[in-house]
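Dear colleague,

Please find below the structure that I am handing over for your review. My findings follow it.

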Amino acid sequence: MGEPVNTEVIKERLDAAKSARMKMWLELCAHCGLCAESCFFYLAHDKDPTYMPSYKVIKTLGEMYKKKGKVSREFLEETLDIAWGKCTVCRRCSQFCPFGIDMALMISTARGICNTQGVVPEGLQKAVANYWAEGNQMAMTKEDWLETCTWMESETGEEIAGLKIPMDKEGANIMYTVNAREPMYYPQDIGMAATIFHIAGEDWTMSSEGWDDTNLAMFAGDTKCMTHVVKQTYDAAIRLKAKNIAITE
Amino acid sequence: MYEFIRGPLLWVAFIVFIAGLIYRIAALVNLSLKKDQVVYDHFSTSWALRSIFHWLLPLNRTVAQYPVYSIMTYAFHILLLGVPIFLLAHSVLWYESWQISWWSLPEDVADYLSLLMLALILFLIIRRMVAPYARIVTTAADYLLLVVVALPFLTGYLAYHQWINYHLMVILHMLSGELMLILIPFTKLSHMIFFFFSRAHIGSEFGERRGTVTW
Ligand code: HEM
Ligand code: SF4
Ligand code: SF4
C-alpha cells in the first residue's frame with residue numbers, strides 16, 4: 001500500500017496489448033448489455049449490474065486505456081477486486097456478445113497489468129513463487145515427488161499385481177502429468193490413474209520434472225512465469241521423447 | 001445554402017464516409033499483420049462465415065434470451081439501412097435528371113416507416129434508461145448517436161408533412177444525414193464494417209481452436 005505506481009511500465013504494457021483486435025473491441029462495444037445474462041457472477045448476485053461482463057471490462061482495462069496508464073494504486077486494488085474477484089476469465093460472455101468481443105482476454109490483460117505492480121491475490125503470488133522455486137505450485141521437492149510415486153506404486157501394486165509407475169521412461173506413448181495438489185493431498189489419485197493405464201495396457205510414463213500441469217501463473221497474469229511452467233512440461237516431453245502429453249482431469 | 005448542402009457537402013460526406021471506412025480497415029489490417037499473428041494462425045473461413053451468418057440472422061442464443069429487444073433492434077437496423085437506400089434511389093434519379101423532386105413523391109409507406117423508426121429509437125433510448133444492465137454501461141455518446149440516427153428520420157418526416165418550417169427541415173434533414181455518414185467511420189457506428197471482422201475472428205477462435213460455437 002502507498003507504494004508508487006510505475007505508470008510507464010503500465011503504459012508500455014497497454015501499448016503492447018493494443019493489437020488490432022483490442023483496438024476494435026474497445027471501439028466496438030455497443031454498450032447494449034446483452035452479455036449480462038451470460039455471466040454466472042451476474043446471475044448469482046441477483047442480476048447486480050456491476051457484475052455484468054462489459055461493465056467489468058470498462059471499469060478495469062477500459063479505464064486504464066482511457067487514462068493512458070496513469071492510474072493510482074487504489075485503482076489497481078479496485079481492479080484486483082473486479083478482475084479476480086468478479087471474473088474467472090471463463091470466456092462465456094464472448095460467446096454471447098453480438099460482436100464476439102473477447103472480454104476474458106481483456107480482463108486477463110488487466111490482471112497482467114496489475115501484476116506488473118505487484119497487485120495480485122496472495123494465494124497466486126505464493127503459487128508463482130513456488131513455480132519458480134520447485135517447478136510446481138505446491139513447491140514440492142523432486143525427492144518428495146518421486147517418493148510419492150514410489151509409495152503409490154507399492155500401495156496400488158498390493159491390489160493389482162505387476163502394476164508399475166514408470167518414471168522418466170523414454171519413448172513412451174503418453175507422458176502423464178498431474179495437478180500438484182494430487183501428490184500433496186490426494187496421492188491415491190495417482191494410484192488410480194496408474195490402475196487405468198495398467199489395465200488398459202498403455203505405454204506410459206511420468207516425468208521427474210515438469211509434471212505439474214496446472215498454470216496458476218496464467219491466472220496471476222504473470223506471462224514470464226506462465227511461459228516457464230508450460231515450457232517445463234514440453235521440455236520434459238521432448239527429453240523423454242514422449243509422443244503425447246496427457247493431463248489429469 | 002441549400003445548394004451547398006445538397007451538392008458539395010453531400011459529396012464531402014460521402015467521401016469521408018467511404019474513404020474513412022477504407023482507411024480504418026486498411027489501418028486495422030495493417031496493425032493486425034504486426035500484432036495479431038495468432039488470428040491468422042487459427043483463421044477458418046467456414047467458421048468465420050458461420051459466425052457471421054448466425055448473428056446477421058437471429059440464429060443465436062442471445063436473441064432468444066432477449067426477444068423483445070432483438071425484434072426492436074432488428075427492425076431498427078432494417079429500417080435504418082432500408083429506408084434511406086430506398087429513398088436514395090429516388091434522389092439519385094432526381095439528381096441525374098434535374099426534373100423531379102424526391103420529397104414530393106407520394107411515399108406513404110416510407111412515411112409510416114419513418115414514424116415506426118422514431119418509435120423504435122425512442123424505445124432504444126428508454127431501454128437504456130430503464131434496464132439496469134444497459135444503463136450501467138451507457139455513456140452520453142450512446143444517447144447522442146441514437147439522436148444523430150433519429151434526426152434524419154425526424155426532420156424528413158417533418159419536412160414531408162411541411163410542419164414547422166419546411167425549408168429549415170429539409171436543410172436539417174440533409175445536414176443530419178451527412179453528419180451521420182461522417183460519424184460512421186470514427187465512432188462505434190463503424191460496427192457496420194467491423195462487425196464482420198470481429199465475428200469472423202471470434203468464430204474462428206472458438207470454432208477452429210476448440211470446436212465450440214459462438215451462437
Ligand atoms: C450491416 C450493418 C450493421 C450490422 C451488422 C449491425 C449490427 C449491430 C449490432 C450487432 C449491434 C449491437 C446489438 C444490438 O443492438 O443489436 C448494433 C447496435 C447498434 N447499431 Fe448497428 N449494425 C449495422 C449497421 C448500423 C448502422 C449503419 C448504424 C447507424 C448509422 C447502426 C447503429 C446502431 C446503433 C445506434 C446501435 C445501438 C443500439 C442501441 O442503442 O441499443 N448500425 N448494431
Ligand atoms: S469471462 Fe468473466 S465476465 Fe465473462 S462470463 Fe466468464 S466470469 Fe463472467
Ligand atoms: S454484449 Fe458485447 S457489445 Fe453489448 S455490452 Fe456486452 S460487450 Fe458490449
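Val89(A) is located in the loop that runs between helix 5 (73-83) and helix 6 (103-116) of chain A, where helices are DSSP runs of H or I with at least four residues, numbered from the N terminus. Its phi is positive, near 60 degrees, although Val89(A) is a residue other than glycine. With a relative accessible area of 22%, Val89(A) is partly exposed; buried means under 20%, exposed over 50% and partly exposed in between, for a 1.4 Å probe and protein chains only. Lys47(A), likewise not a glycine, has a positive phi of about 55 degrees. Lys47(A) belongs to the loop between helix 3 and helix 4 of chain A and is partly exposed, at 42% relative accessible area.

The model is predicted: local features need pLDDT of at least 70 and side-chain atom pairs count only at pLDDT 80 or more, while totals for chains, interfaces and linings use all residues. Residues are numbered from 1 along each chain as its sequence is written, chains are lettered from A and ligands numbered from 1 in the order in which they are written, and side-chain values use heavy atoms, with hydrogens and water left out.

**The iron site**

His77(B) and His191(B) coordinate the iron atom of ligand 1, each through NE2, at 1.9 Å; donors are N, O and S atoms within 2.8 Å of the metal (3.2 Å for Na, K and Ca), and sites may look incomplete because water is not among the atoms. The site is octahedral, with angles of 85 to 178 degrees among six donor atoms (for six donors, opposite ones over 155 degrees apart and all others between 65 and 115). Because His77(B) lies in helix 6 (residues 67-97) and His191(B) in helix 11 (residues 191-210) of chain B, the pair ties together parts that are 114 residues apart in sequence. His77(B) is partly exposed at 34% relative accessibility, whereas His191(B) is buried at 16%.

Ligand 2 is surrounded by 13 residues, the closest being Cys39(A), Cys87(A), Cys90(A), Arg91(A) and Cys93(A); a residue counts if one of its heavy atoms lies within 4 Å. Helix 3 (40-44) and helix 4 (53-66) of chain A are the elements that give two or more residues to this shell.

Yours sincerely

Technical notes. Four donors count as tetrahedral if all angles lie between 85 and 135 degrees; four count as square planar and six as octahedral if opposite donors are over 155 degrees apart and all others between 65 and 115; anything else is irregular.
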